[in-house]
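Please have a look at it first, and then I will go through it piece by piece.

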Amino acid sequence: MKANEKDILATKIYFQAAFPALSVPFEEAEIGKQPFAKKFEKINAVVEFRAPIDDEKPCEGENALACYVVFLTEEQAAKTEAGKRFKVYQGVYEEGAIKDLDGKALKLKVTKFYFKSIKSLLGVFKGDTPLDMLGIVGPLLKNIAKPATLKFLFLMLTLMKTMPNVQPTTEQPFEQYLKVKLSLYLITRALSVANKENWDVFKKWGQGQPDRTYQFRVGATKDANGKVLYPEILANLRVKTITKTGELKTKSSHGDCKYPFVSFSFPTPDDCIAVLTNRYDFVDCVAKGCVTIVGAGDSYAITFNGLMTECQNMLVPSKLVQE
């Protein structure tokens, strides 16, 4: 049976947005603790995810929806063109695909998370019950002895921090910082992926917009004495309609934007979490000072927030879907 378009889109967003966002927990570490990068310091490996679009056909060619994550030691990464210890690639992994600067193929151990169907794969990411998540058991048992397997699973589990029911308090400053940064990096990239995959909801919203950047700015995390623990967080989504063709282009990025069309400015990570988790509805969040809208009229901000929520709903268990 062929997977429906909504499930295919959700899978592509996981592969193209959620997995790349794992660079945040990979690189970040709470004060006094080690980042995931430390746990992978001696590992050169590939972790591949693959599932058939039509589960009655072989999982290969155009019927295979796949991506793979490459982990390299610092020494090995320095010898590659990308120069990165963590990088996500789309498509099926072919042996020898990763090469050093001399063109020599790297010999990497491969952990294969192959699923029987898109539904089975999505059950792992957004299943409502433990039964929905059983699809991980087979691939896990086949790869349990490989060095990257369990380390990657623990890294992947950090995606749960983006769920709306995860609400760290101000007594957990690093958890708040990590949730906000991971969530904003994921959702801005997810919206860009959704556009490139022709999500009609996004196309309808973005069509005809000139060159505009929607920015999220979250204030630094500070302790009770005002000392900065973690820096401010910035994430952007640029939207542009090509005049000659009418094609809608999007790009997500991090860092400052001098002239955003609209900026969602949050004084603290806790204020941002109030919006992300629907602690209050968006209008109340504005009234309470959790977010200040700078730039365009409120109507654009409210519509964009609704679009974010609708995109997020594709990535969470149905019991956590926000109204």
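Predicted model: local features only at pLDDT ≥ 70, side-chain atom pairs only at ≥ 80, totals over all residues.

How much space lies in the largest cavity? About 50 Å³ lies there, where a cavity is, on a 1 Å grid over the protein atoms alone, a set of points at which a 1.4 Å probe fits but cannot get out, and a volume is the space filled by probe spheres set on the points, with grid points joined across faces, edges and corners.

Residues are numbered from 1 along each chain as its sequence is written, and side-chain values use heavy atoms, with hydrogens and water left out.

Back to the cavity. The search of the whole structure finds 1 cavity of 30 Å³ or more. Its lining, meaning residues with an atom within 4 Å of a point, consists of Leu184, Phe216, Phe264, Phe266, Cys272, Val275, Leu276, Phe282, Asn305 and Met308. Strand 10 (262–266), helix 10 and helix 12 (298–313) are the elements that give two or more residues to this lining, and helix 10 supplies the largest share, 3 residues; helices (H or I, at least four residues) and strands (E, at least two) are DSSP runs numbered from the N terminus. By class, the lining of the largest cavity divides into 9 nonpolar, 1 polar and no charged residues, where Ala, Val, Leu, Ile, Met, Phe, Trp, Tyr, Cys and Pro count as nonpolar, Asp, Glu, Lys and Arg as charged, and the others, Gly among them, as polar.

Helix 10 (residues 269–276) also packs on helix 8 (residues 173–196), their axes coming within 9 Å and crossing at roughly 55 degrees. Here axes are lines fitted to C-alpha atoms, for helices over the stretch in contact, and angles run from 0 to 180 degrees between N-to-C directions. That angle makes helix 8 oblique to helix 10, given that angles under 35 degrees count as roughly parallel, over 145 as roughly antiparallel, 65 to 115 as roughly perpendicular and the rest as oblique. On the helix 8 side, Gln176, Tyr177, Lys179, Val180, Ser183 and Leu184 meet Pro269, Asp270, Cys272, Ile273 and Leu276 of helix 10, contact meaning heavy atoms within 4.5 Å. These contact residues comprise 7 nonpolar, 2 polar and 2 charged.

Which helix packs against helix 8 at an angle of about 140 degrees? That is helix 1, and the two axes are 8 Å apart. This angle makes helix 1 oblique to helix 8.

Asp7, Ala10, Thr11, Tyr14, Phe15 and Phe19 of helix 1 meet Ile118, Leu121, Leu122, Phe125 and Lys126 of helix 5, a contact with 8 nonpolar, 1 polar and 2 charged residues.

Finally, the pockets, each an open set of points with protein on both sides within 12 Å along at least five of seven lines. The largest pocket has a volume of about 870 Å³ and is lined by 42 residues, with Leu159, Thr162, Met163, Leu315 and Val316 lying nearest its centre. Helix 12 gives the largest share of that lining, 5 residues, and the lining of the largest pocket divides into 28 nonpolar, 10 polar and 4 charged.

The second largest pocket holds about 550 Å³ and is lined by 28 residues, of which Asn4, Asp7, Lys119, Leu122 and Lys126 lie nearest its centre. Helix 1, helix 5 and helix 12 each give two or more residues to this lining, and helix 5 gives the most, with 6 residues. The lining of the second largest pocket divides into 12 nonpolar, 7 polar and 9 charged.
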